[in-house]
Amino acid sequence: HVGTPCRKVSPGSERVPGRRGKMIDREKKEKIGRVAEMVAKAKNIVVFTGAGVSTESGIPDFRSPGGFWTKFDPEDFTIDKFLTSPETRRKQWRFLLSGDLLKEARPNAAHEAIAALEKLGKVNCVITQNIDNLHQKAGNDPAKVFELHGNMRWILCMDCGERYPLEEIIHQNGASEEVPVCGRCSGILKPDVIFFGEALPEETLSKATWHAGHCDLLLVVGSSLVVYPAAYMPIYAKQAGASLVIVNLSPTPADKIADVVIHASAGETMGRILAEVRQGLAGSCA
Ligand code: NAD
Ligand code: ZN
């Protein structure tokens, strides 16, 4: 939302090329300064991320134009279809082998800034809807990354519950397009991610809920905040009296309850917030 001070500029000036861009940048700079100040003061920060934090790593999100659902059939990601249809399992395995999601995605400036804020002792934990492992790759403590929707790098046996690293299964299966089965019990293997119709991992969800409800600043980065129960996290934080900051390209339903909303790219914004926190400029840029 455009801040009121900018509205005092005469309307004609908005038509001057470049001027509007400058105003937007000044507003963004001011908000980044405010967030850096909030980060500096907070004692218990929780970061909540969605697919938007990883688009700059080349992984498409779900809902933006060109996103995942424009290429794949959601029906193939329902647990019923997966368990009952060998054809769906074959499709999934071919998809995993094709490297579409496996391609060596690297953490971007946003993941790196979040990891750096943790190293500075500012971020307590990360709650993520992502399944791409990029927070861990960026250096966040894996024990403090709560993955609400699982992790693509792991394969789970639906029968005995054994968990295998994806690489191990691919290695064992060679280049074969045959659908692999569990080495222990020959059960059905499924990527360890939450399919439609499956419950969220109970323990992870309850830890995430606890942390969201006990932080003093919740920083949302790159989530449309429409998938529940994940999208309750900002509400739990606000109910507990925490401040709420949202960094997301497009508006979200929680914008109206947030203290600061920045509609901009996660990489650039988080990088600038980190830089300001580091330089200790937080208190002097109002
Ligand atoms: P979403 O696709 O619903 O929303 C992503 C949001 O990020 C959008 O509002 C978009 O405007 C914003 N965005 C896109 N690029 C951005 C950028 N560079 N900077 C800032 N914002 C940006 O994703 P969601 O909220 O995470 O929820 C949907 C589901 O998608 C989750 O269940 C998650 O498991 C799954 N998912 C995960 C991955 C991944 O692991 N990387 C990828 C796709 C989908
Ligand atoms: Zn098994």
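Begin with the aromatic side chains: the structure, a predicted model, holds four aromatic pairs. Rings of Phe, Tyr and Trp (its six-membered ring) pair if their centres lie within 6.5 Å; planes under 30 degrees apart count as stacked, over 60 as edge-to-face and the rest as tilted.

Select F82 and F195. Their ring centres are 5.2 Å apart and the planes stand at 75 degrees, so this pair is edge-to-face. F82 belongs to helix α2 (residues 79–84) and F195 to the loop between β6 and α7 (202–212), so the pair ties together parts that are 113 residues apart in sequence. Helices (H or I, at least four residues) and strands (E, at least two) are DSSP runs, numbered from the N terminus. Both F82 and F195 are buried, where buried means under 20% relative accessible area, exposed over 50% and partly exposed in between (1.4 Å probe, protein chains only).

Y228 is partly exposed because its relative accessibility is 47%; Y232, at 36%, is partly exposed.

While in this part of the chain, select V227, in the loop between β7 (217–221) and α8 (233–239). V227 has 25% relative accessibility and so counts as partly exposed. Apart from neighbours within four places in sequence, V227 contacts R63, Q129 and H149; a contact means heavy atoms within 4.5 Å. V227 and Q129 are 98 residues apart along the chain, and their C-alpha atoms are separated by 9.1 Å.

Now centre the view on the zinc ion (ligand 2). C157, C160, C182 and C185 coordinate this ion through their SG atoms at 2.3 Å. Donors are N, O and S atoms within 2.8 Å of the metal (3.2 Å for Na, K and Ca); water is not among the atoms, so sites may look incomplete. The angles between the four donor atoms run from 100 to 115 degrees, which makes the arrangement tetrahedral; four donors qualify if all angles lie between 85 and 135 degrees. Along the chain, the donors follow the spacing C-x2-C-x21-C-x2-C. C157 lies in strand β4 (residues 150–157) and C182 in the loop between α6 (166–173) and β6 (189–193), so the pair ties together parts that are 25 residues apart in sequence. C157 and C182 are both buried.

Select E162, in the loop between β4 and β5 (163–165). E162 counts as partly exposed because its relative accessibility is 26%. Not counting residues up to four places away in sequence, E162 touches I155, L156, C157 and R184.

Then display R163 and W154: R163 lies over the face of W154, at 4.4 Å from the ring centre. A charge sits over a ring if NZ of Lys or CZ of Arg is within 6 Å of the ring centre and within 35 degrees of the ring normal.

Finally, show the whole protein, which has nine helices and nine strands. Buried residues make up 46% of its 286 residues.

Residues are numbered from 1 along each chain as its sequence is written, with chains lettered from A and ligands numbered from 1 in the order in which they are written. Local features need pLDDT of at least 70, side-chain atom pairs count only at pLDDT 80 or more, totals for chains, interfaces and linings use all residues, and side-chain values use heavy atoms, leaving out hydrogens and water.

Key:
Four donors count as tetrahedral if all angles lie between 85 and 135 degrees; four count as square planar and six as octahedral if opposite donors are over 155 degrees apart and all others between 65 and 115; anything else is irregular.
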